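Visitor: I have a model open here and would like to talk it through. Could you walk me through it?

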Amino acid sequence: MPESPRWLAMKGRTEEAKAVLDRTSDTPAEADQRLLEIQEVVDADSNGAGGGGAWKEVATKAGVRRVLATVLALQFFQQASGIDSVVLYGPRVLAMAGVTSNTLLLGLNVLFGVAKAGSILIAMALADRVGRRPLLLVSTGGMTASLLVLGSVFAVFAGAKDDPVVAGISVAAVVAFVCTFSVGFGPLAWVYSSEILPLRLRGQGAGLGTAMNRVMSGIVTMTFISLYGAITMAGTFYLYAAVAAASFVFIYTCLPETRGRNLEDMEQLFRTK
């Protein structure tokens with residue numbers, strides 16, 4: 001893993017930045033263009049910094065605060081929609097939906113992992129073709145629908161045992177949730193966050209976003225059993241569906257498309273200059 005060319009440029013190590021860009025660009029001309037864009041942003045930052053560092057910009061610039069709030073919201077919604085509860089407690093969820101074979105439960109949990117990994121590969125293939133925003137909207141919409149189906153299964157068929165139809169619907173809903181999460185919201189929350197953060201705030205912003213993600217993961221994971229004990233399994237998945245629906249609204253109203261935009265475009269788009 002080479003050092004980030006943006007960080008190297010910020011430290012004045014232009015030749016090293018150029019060497020990294022030569023390795024990661026399709027043509028020498030593309031590497032030169034990318035280096036020029038990076039240097040323009042670095043020069044503009046250094047000329048307008050005026051002391052105080054990145055946190056001063058958070059306090060004084062509305063655009064920078066908007067970007068940081070967007071990053072934190074993305075990471076909050078990604079985990080608050082319950083993905084870790086479904087993945088980590090998948091066998092328990094399906095057992096309560098009527099799947100009684102331990103061997104089958106283990107096999108289905110493996111299936112969830114394969115579906116999750118495969119969907120991430122699809123996201124990698126599509127992110128630069130169709131854009132971040134369409135994938136995020138399809139992802140959160142699919143998550144909402146699959147969680148509503150899963151909650152409805154528990155609401156209508158609570159206590160069903162060895163019913164292949166109920167078990168099949170439950171498995172399909174869980175697989176759909178895992179796949180729709182992984183084809184968009186899972187990987188692209190990280191991609192989008194790193195793209196919109198200004199160069200001078202990227203380290204701090206990425207750190208805060210990661211902290212939000214991991215804290216929410218811990219909260220969701222550690223409260224799942226207590227939550228469904230208090231509001232039932234159906235209520236828990238309806239709650240996660242509401243969070244997923246809120247994330248769809250947030251993405252639709254607040255997140256512009258970033259595909260194909262360079263650093264300069266991003267600063268103009270979010271008014272972080």
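Visitor: At what angle do helix α8 and helix α9 pack?

Guide: This is a predicted model, in which local features need pLDDT of at least 70, side-chain atom pairs count only at pLDDT 80 or more, and totals for chains, interfaces and linings use all residues. Residues are numbered from 1 along each chain as its sequence is written, and side-chain values use heavy atoms, with hydrogens and water left out. Helix α8 (residues 102–130) and helix α9 (residues 132–156) pack at about 125°, with their axes 7 Å apart; axes are lines fitted to C-alpha atoms, for helices over the stretch in contact, and angles run from 0 to 180 degrees between N-to-C directions. That makes α8 oblique to α9, the word for angles that are not under 35 degrees (roughly parallel), over 145 (roughly antiparallel) or 65 to 115 (roughly perpendicular).

Visitor: Which residues in α8 and α9 meet?

Guide: From α8 come Ala123, Leu126, Ala127, Asp128 and Val130, which meet Arg132, Pro134 and Leu135 in α9, where contact means heavy atoms within 4.5 Å.

Visitor: And overall, how many helices and strands does the protein have?

Guide: The secondary structure comes to 12 helices and 0 strands, where helices (H or I, at least four residues) and strands (E, at least two) are DSSP runs, numbered from the N terminus.

Visitor: What share of the residues is buried?

Guide: Of the 273 residues, 45% count as buried, meaning under 20% relative accessible area with a 1.4 Å probe, protein chains only.

Visitor: What box do the C-alpha atoms fill?

Guide: Taken along the principal axes, the box is roughly 70 × 40 × 25 Å.

Conventions:
Buried < 20%, exposed > 50% of the residue type's maximum accessible area, 1.4 Å probe, protein only.
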